[in-house]
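Biologist: Thanks for sitting down with me. Could you take me through this model and the terms behind it?

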Amino acid sequence: MRADRVARGCILRKAEGRLREEMEHSQYLLRSSSLRKGLMTHNKLIPVILAALVSHAAMAAEQVFLPVKIDGPVHDPDQHSYWFGPFSECCSVADFNGNGVLDIAAGRNWYEAPDWKKHADFRDGAETNGPETDNNSEFAMDVNRDGRPDIVSSGWMRMCGAFWYENPGPEGLRSGIKWKAHRIHSAKNMEGVIHGDLDGDGDDDILVNHWAPVPGQGMTWLEHIDRAPWLVERVIGTEGEYHGNGIGDINGDGRNDIVTPRGWYEAPADPRNGQWIFHADYLVHRVDQPQRPMAASHPMLVHDVNGDGLADMIVGASHEYGLAWLEQQIGGDGKRSFRTHWAETDFGQFHTMALGDISGDGVPDLVTGKRLFAHHGRDTSCYDPLFAFWYDLQGGKFVRHVLSYNHLPWFPGEKNINPPPNGAIAVGMKLNIADMNKDGRNDIVVAGKTGLYVFYNEGTMPRERGPHRLPEESTYPSWFDWRNQ
């Protein structure tokens with residue numbers, strides 16, 4: 001009897017804890033809602049809405065993701081090709097051929113939906129260089145404003161900068177015309193490019209990232225204009241020129257600022273010609289070493305994590321352990337500061353990340369994961385298991401959900417018990433969140449040294465049993481129908 005009471009007590013305590021977590025999440029949803037002001041003026045409605053939200057949350061189930069491998073390296077050591085690459089670590093998503101369906105590009109290949117027909121070597125750049133692919137960022141963008149998505153890409157080896165590649169249109173795609181390359185930036189230490197509206201004109205510009213200061217280089221953004229050459233380079237300073245940066249409105253003035261691992265640039269009223277002021281308000285640092293800087297993820301994300309109306313930052317450790325968010329705080333004297341909260345300290349190499357609604361609750365979630373063998377296997381945490389995670393942020397709780405977690409090691413010259421893995425999924429240097437199959441749910445597209453994958457979002461469990469999908473028992477030669485004996 002006592003054991004039964006103890007067991008019931010444990011169950012009740014777990015249920016109460018779960019209820020508290022869901023209540024806190026529901027309150028966070030309310031704080032983040034566009035209805036916040038209206039609700040706060042109608043206090044009698046809040047308990048009713050909270051109860052409804054808690055009831056819904058209590059019934060929430062785990063998302064189901066089906067990983068599908070689109071392409072990957074062939075494991076053929078005699079040809080210096082392995083399960084761990086080389087393969088492009090970045091990908092882009094767009095309707096490249098204009099047929100209304102999202103396609104995928106990854107390095108020099110693009111894959112035509114819905115059957116992912118491979119079109120090889122459609123552009124220059126992204127060449128193989130030993131174990132690496134010269135493609136450390138890419139995204140789709142209509143650079144020349146002709147209504148067709150082009151590709152913007154950068155590389156740090158042969159490319160030494162960034163290019164945009166011009167979409168030749170449906171006829172050109174069918175005939176296999178190579179996309180024309182246009183150089184837009186040169187750099188000796190190119191880490192990547194991201195996009196966002198930096199001049200406030202409603203369309204995306206490009207932000208460049210260099211991994212360390214170099215004489216003659218500076219914090220650079222490319223203004224997207226409405227005539228050739230389409231992109232104009234603007235340098236705003238030399239501070240913060242380190243691995244990782246991002247775009248977002250830090251001070252709430254309606255203008256997008258630039259965040260770096262060592263502070264942020266405040267956008268002026270005239271971003272093209274005005275002075276961008278640098279504020280050294282924080283340092284992206286190593287776990288348990290607040291004075292030691294670390295290489296930040298690319299991008300760093302600007303997002304109001306805790307729903308208090310202030311923009312925070314989410315940043316991963318690109319080449320060591322750690323995932324953190326930097327909480328913005330305004331003191332009584334009006335001074336701005338940032339407090340670091342660690343979401344992960346036991347996982348590493350969070351080189352890229354993105355925000356998107358994964359759970360379908362209308363609130364952005366975080367998607368990130370482990371880059372495989374950065375610096376060709378010389379980084380801290382390189383030989384830990386591979387992982388891809390998404391996080392329900394829940395006001396700063398960072399509730400982890402597993403997309404994939406596996407690593408069956410096979411290394412040349414070692415005694416390997418496992419065969420070379422064929423389904424180890426790495427999250428490289430650019431991922432995408434998009435509804436790939438038009439079912440109303442966001443899917444996740446990742447590229448890494450192990451290949452190109454789509455995580456199809458199939459909704460939540462529990463699910464209906466569905467049709468039987470395995471071979472009938474009677475088709476097995478050894479089958480003995482024991483049920484009729």
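Modeller: Gladly. Strands are DSSP runs of E with at least two residues, numbered from the N terminus, and two strands pair if DSSP finds at least two bridges between them. This is a predicted model, where local features need pLDDT of at least 70, side-chain atom pairs count only at pLDDT 80 or more, and totals for chains, interfaces and linings use all residues. Residues are numbered from 1 along each chain as its sequence is written, and side-chain values use heavy atoms, leaving out hydrogens and water.

Biologist: What makes β22-β23-β24-β25 an open sheet?

Modeller: The 4 strands pair antiparallel in that order. β22 (301-303) and β25 (336-348) each have a single partner strand, so one side of each lacks a neighbour in the sheet.

Biologist: How do you know that β23 and β24 pair?

Modeller: Strands β23 (residues 312-316) and β24 (residues 321-330) are joined by 4 bridges and run antiparallel; the cut-off is at least two. Val315 stands opposite Ala324 in β24.

Biologist: Why is a group of residues called a nonpolar core?

Modeller: The name applies because its members are buried Ala, Val, Leu, Ile, Met, Phe, Trp, Tyr and Cys residues joined through side-chain atoms within 4.5 Å, where buried means under 20% relative accessible area with a 1.4 Å probe, protein chains only. The largest one here has 16 residues, with Ile104 and Trp116 among those with the most contacts inside it. β32 gives the most, with 3 residues.

Notes: Buried < 20%, exposed > 50% of the residue type's maximum accessible area, 1.4 Å probe, protein only.
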